[in-house]
Amino acid sequence: MDIPYIVVDQLDPDQQQIWKTYFGDADRPRYVEEGIWRRTQEKATAGQSGWADPGDARRRIIHYRYRYGLVPTPAAPAIGLTDLYLYHSASAPAGEITAHYDALRASLAVGGWKKAPGGALWMRRDLRCRITEHDVHPQDAAAGRALPGGYRTLDVRITSAAYAPPPSVRQLPWNVLSTGIRAKDRPGTATRIPDLSVLADLRPFQVEIGCGTSVEAGIPPLHRLHEIYRVTDRQGHEPREHRFTLSPTADTLLHEVLTEPEEKAAEFVEMFRACFLAEPTPALWALRELKDAGHLVGPVITHNFDVLAARAGLDECFMRRYDQAVPDVEWVEGAKALLVVGLHADRRRVQARARERGMKVVYLDPEGFWHDGAFLPYPLEGPQDGDLVCWATAAEALPALVNLLKQPTG
């Protein structure tokens, strides 16, 4: 695989300006894409991890960090993947780790990787693969974590040849692991509302958006990343049916990368390409109109990395920071409500903080999604007693709210 790996070829002038404004000279490194998953086999995750007794303590950690940049070509600049870092750590009984290591060696051979002298390093064109086996992982020793007797860990790092992430980056997944399992919210009794007209009496309000607005723009839902990185087995349509990928011998991610890296790289960059090529939707332009009219105040609170709110002319309070369990949020004095659009789970406790400020929390979400022509329920996790829930899409409800608030009163 050659680095840079072309992601979007021959940008037109408008695309070049989008890159310069929202990526190259942005207020945060939007040219970096990063993801972390930690999946552990324990009693609290028994339904998805297959835990049956204390001897079940398999663990899988995935961390990827990609950097994109402009790449000159004869016709016009392109966007290329310029730095690649993929970390995979599997902990399991020794026999499974041995079989896992044997399978990796076979995949390296199929993929045409060459072993470097004097170490567990393999090379293939502009890629490097390093494999390290641990009886006791140094991170577990440092944190005082004890896996069951007979467990071992195998770490695999795949990087572009010229990229060496700093220790702070390599430490991130272990910091996330140390926070423990996320405790899901227990929904209270919310009130259903037919539309967002209630916000006419709750002005000004703030907004928090999730991936619902991204999906409306044609960006794949986040569970597409689960498919690409084999986070779950993806059996069945209901997300709660999906079981964690924990058995190293049933984990196909590394085999796919090592045997056909160019083909897998096309999947790795899929989300970034979709985000760059997407356009702001009517729902986002409606938020801009609400902002310009003074009904919406403060920045858009979001963990979305698609940049679409910014491209619609809205300031963003970006929260997808792995080193902040409770990120800062710019609250506006006098805001009466928080409108939560297309966000299934409050992972940064924004809604709880809004309630503490006396703000009414209003959800806009269809509580489900379409798959193969069928609507599959996907209930919100966060609504509490006194909250309001509107069953509609952002594309439907937000332009309607703009039109409603334009109507003369009295």
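I began with the second largest cavity, which holds about 40 Å³ of space. My working meaning of a cavity was a set of points on a 1 Å grid over the protein atoms alone where a 1.4 Å probe fits but cannot get out, with lining residues having an atom within 4 Å of a point. For volume I took the space filled by probe spheres set on the points, with grid points joined across faces, edges and corners.

A note on the source: this is a predicted model, where local features need pLDDT of at least 70, side-chain atom pairs count only at pLDDT 80 or more, and totals for chains, interfaces and linings use all residues. Residues are numbered from 1 along each chain as its sequence is written, and side-chain values use heavy atoms, with hydrogens and water left out.

Back to that cavity: I found M1, L84, L127, I158, V257, P261, A265 and F268 lining it.

Next I looked up the largest cavity, with a volume of about 90 Å³. Among its lining residues I listed C211, M271, H303 and D306. Its lining divides into 7 nonpolar, 3 polar and 1 charged.

Last stop, D185. Is D185 buried or exposed? I have it as buried, with a relative accessible area of 18% (buried means under 20%, exposed over 50%, partly exposed in between, with a 1.4 Å probe and protein chains only). Leaving aside neighbours within four places in sequence, I saw D185 in contact (heavy atoms within 4.5 Å) with D346, R349, E381, G382 and Q384.

Technical notes: On a 1 Å grid over the protein atoms alone, a cavity is a set of points where a 1.4 Å probe fits but cannot get out, and a pocket is an open set with protein on both sides within 12 Å along at least five of seven lines; lining residues have an atom within 4 Å of a point. Ala, Val, Leu, Ile, Met, Phe, Trp, Tyr, Cys and Pro count as nonpolar, Asp, Glu, Lys and Arg as charged, and the others, Gly among them, as polar.
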